[in-house]
Amino acid sequence: MFFKEFDIRWSDLDANRHLANSAYINFMSHTRMTYLGILGFNQKSMAKHNIGPVVFYEHVYYFKEVFPGKPIKVSLGLQGLSEDGMFFEFEHNFYDSEGKNFARCEMMGAWMDLKERKLIGLPQVFLDAFGKMEKEASFKVLTKSDTRKFARTPKDL
């Protein structure tokens, strides 16, 4: 399992002086992109293949408050991937300095062709990189129907 450690900064706090919702999202994104960078997914390689990640949802579950003063750790686990790599699902867990789990997030996304602005499968080089990633015990091969389990439709004015 991949972990990234963070110090909680003043700007990561909300009006209640604990870790703000937006900080959770930023820490997860930073953790994902750090690990993907290790696998070879970086700004240069994504630009070469003209792809970028799209987030469908991030469901965060908060168990306990956390405050500044001690570092936290954020984990990254691969929960699912479609056969062509188009769809992916990650789980993040947040741990305090004593290893207590204070939050969890389930997130799903896909890869988009940045010129065509449509979802695409991954080039083989990136599929191979994902193949090196440790999978969660609950890992599953994703299909398009998995992306619709929390389907919502727009409600225009």
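Tutor: A residue is called buried when its relative accessible area is under 20%, exposed when that area is over 50%, and partly exposed in between (1.4 Å probe, protein chains only). The model is predicted, so local features need pLDDT of at least 70 and side-chain atom pairs count only at pLDDT 80 or more, while totals for chains, interfaces and linings use all residues. Residues are numbered from 1 along each chain as its sequence is written, and side-chain values use heavy atoms, with hydrogens and water left out.

Let us begin with the nonpolar core (buried Ala, Val, Leu, Ile, Met, Phe, Trp, Tyr and Cys residues joined through side-chain atoms within 4.5 Å). The largest one has 37 residues, and those that touch the most other members are Leu19, Phe41, Ile72, Phe94, Trp111 and Phe130. Two or more residues each come from strand 1 (2-6), helix 1 (21-38), strand 2 (51-62), strand 3 (72-82), strand 4 (87-95), strand 5 (101-113) and helix 3 (124-131). These elements are DSSP runs numbered from the N terminus (helices H or I, at least four residues; strands E, at least two). With six residues, helix 1 gives the most to this core. Another core, of six residues, lies apart from it and includes Tyr57, Met86, Phe87 and Leu142.

When residues up to four places away in sequence are not counted, Leu19 touches Ile8, Asp12, Leu13, Asp14, Tyr24, Phe27, Val66, Ile72 and Phe102. Contact here means heavy atoms within 4.5 Å.

Consider next the charged side chains. The whole structure holds four salt bridges, each a side-chain nitrogen of Lys or Arg within 4 Å of a carboxyl oxygen of Asp or Glu. In one of them, the closest N and O atoms of Arg32 and Glu58 are 3.3 Å apart. Arg32 belongs to helix 1 and Glu58 to strand 2, so that distant parts of the chain, 26 residues apart, are linked. Arg32 counts as buried because its relative accessible area is 7%, whereas Glu58, at 24%, is partly exposed.

Arg32 has a further partner, His92. Their side chains are joined by a polar contact of 3.0 Å (a pair of N or O atoms within 3.5 Å, one able to donate a hydrogen and the other to accept it; residues adjacent in sequence count only if both atoms are side-chain atoms). His92 stands in strand 4 and is buried, with a relative accessibility of 0%. Beyond its neighbours within four places in sequence, His92 is in contact with several residues, among them Met28, Thr31, Val74, Leu76, Cys105 and Met107.

Glu89 pairs with Lys149, the closest N and O atoms being 3.5 Å apart. Glu89 is buried because its relative accessibility is 9%, while Lys149, at 46%, is partly exposed. Asp146 and Lys140 form a salt bridge as well, at 2.7 Å from N to O.

The structure contains 15 aromatic pairs. Phe6 and Phe27 form one that is stacked, with 4.4 Å centre to centre and 25° between the planes. This pair connects strand 1, which holds Phe6, to helix 1, which holds Phe27, across 21 residues of the chain. Phe6 is buried at 10%, and Phe27 is buried at 4%. The pair of Phe94 and Phe102 is tilted, because the ring centres are 5.8 Å apart and the planes are at 55°. Both kinds follow one rule: rings of Phe, Tyr and Trp (its six-membered ring) pair if their centres lie within 6.5 Å, and planes under 30 degrees apart are stacked, over 60 edge-to-face and the rest tilted. Phe94 is buried at 0%, and Phe102 is buried at 1%. One aromatic cluster is formed by Phe41, Phe88, Phe90, Trp111, Phe126 and Phe130.
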